[in-house]
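The sequence and model are shown first.

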Amino acid sequence: MSTSAASSPSPDQPPANKAVRVVVKGRVQGVGFRDWTAETAESLGLAGWVRNNRRDGTVEALLSGDPAKVDEMVTRRLPIGPPAAAVTAVVTSPADHIHPSLGFEIKLTV
């Protein structure tokens with residue numbers, strides 16, 4: 001009897017993922033930050049969403065997927081952003097992961 005099948009994730013259960021909620025501060029609205037975030041996250045195979053926060057001028061996102069790709073997005077990509085952005089801070093907090101099949105979406109401004 002093989003135990004490898006028991007340790008493999010089922011098709012309904014994605015492999016171990018990491019998920020974070022991110023708030024990006026600085027000049028991040030009106031510079032294409034949401035579109036850039038969605039394109040970059042999709043290129044890394046991440047699921048989640050991004051939206052502007054009208055109240056405080058930040059961009060908020062949920063990033064879920066391979067832990068190395070989430071870390072790359074948070075530490076290497078978001079601090080730079082698109083060319084017209086001027087990021088001053090990237091603040092993360094834990095979040096519940098979402099299934100990869102949900103993809104990445106741009107949500108309406110809150």
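The sections below cover the basis of the report, the sheet, the helix packed on it, and the annotated residues.

## Basis

The model is predicted: local features need pLDDT of at least 70, side-chain atom pairs count only at pLDDT 80 or more, and totals for chains, interfaces and linings use all residues. Residues are numbered from 1 along each chain as its sequence is written, and side-chain values use heavy atoms, with hydrogens and water left out.

## The sheet

Five strands form an open sheet in the order β4-β1-β3-β2-β5, with mixed pairing. Helices (H or I, at least four residues) and strands (E, at least two) are DSSP runs numbered from the N terminus, and two strands pair if DSSP finds at least two bridges between them. The edges are β4 (86–94) and β5 (104–106), each of which pairs on one side only. From one strand to the next, the twist averages 15 degrees; axes are lines fitted to C-alpha atoms, for helices over the stretch in contact, and angles run from 0 to 180 degrees between N-to-C directions.

Strand β3 (residues 58–65) is antiparallel to β1 (residues 18–27), and seven bridges join the two. Val24 has Val59 as its bridge partner in β3, while Arg21 is bridged to Leu62. The pairing of β2 with β3 is also antiparallel, over seven bridges, with Glu60 of β3 as the partner of Arg51. β2 and β3 form a hairpin with four residues between them, and Gly57 in the turn has a positive phi of about 75 degrees.

## Burial of β3

Eight of the eight residues of β3 are buried, where buried means under 20% relative accessible area, exposed over 50%, and partly exposed in between (1.4 Å probe, protein chains only). Thr58, Glu60, Leu62 and Ser64 point one way from β3, and Val59, Ala61, Leu63 and Gly65 point the other way.

## Helix α2

Helix α2 (residues 33–43) packs on the sheet and touches β1, β2 (47–53), β3, β4 and β5; its direction makes about 175 degrees with that of β5. Its buried residues are Phe33, Trp36, Thr37, Ala38, Thr40 and Ala41. These pack against β1, β2, β3, α3 (67–77), β4 and β5, contact meaning heavy atoms within 4.5 Å. After α2 comes Gly45, with a positive phi near 80 degrees.

## Annotated residues

An unreviewed UniProt entry places the feature "active site" at Arg34 and Asn52. UniProt positions are given in the numbering used here, feature names are shortened, and annotations may be inferred rather than shown by experiment. The two positions are spread over 19 residues of sequence but cluster in space, with a largest C-alpha distance of 7.5 Å.

Arg34 belongs to helix α2 and counts as partly exposed, at 27% relative accessibility. Not counting residues up to four places away in sequence, Arg34 touches Val50, Arg51, Asn52, Ile106, Lys107 and Thr109. Asn52 lies in strand β2 and counts as buried because its relative accessible area is 10%. Leaving aside neighbours within four places in sequence, the contacts of Asn52 are Gln29, Arg34, Thr58, Val59, Thr109 and Val110.

## A charge over a ring

Lys107 lies over the face of Trp49, at 4.6 Å from the ring centre. The criterion is that NZ of Lys or CZ of Arg is within 6 Å of the ring centre and within 35 degrees of the ring normal.
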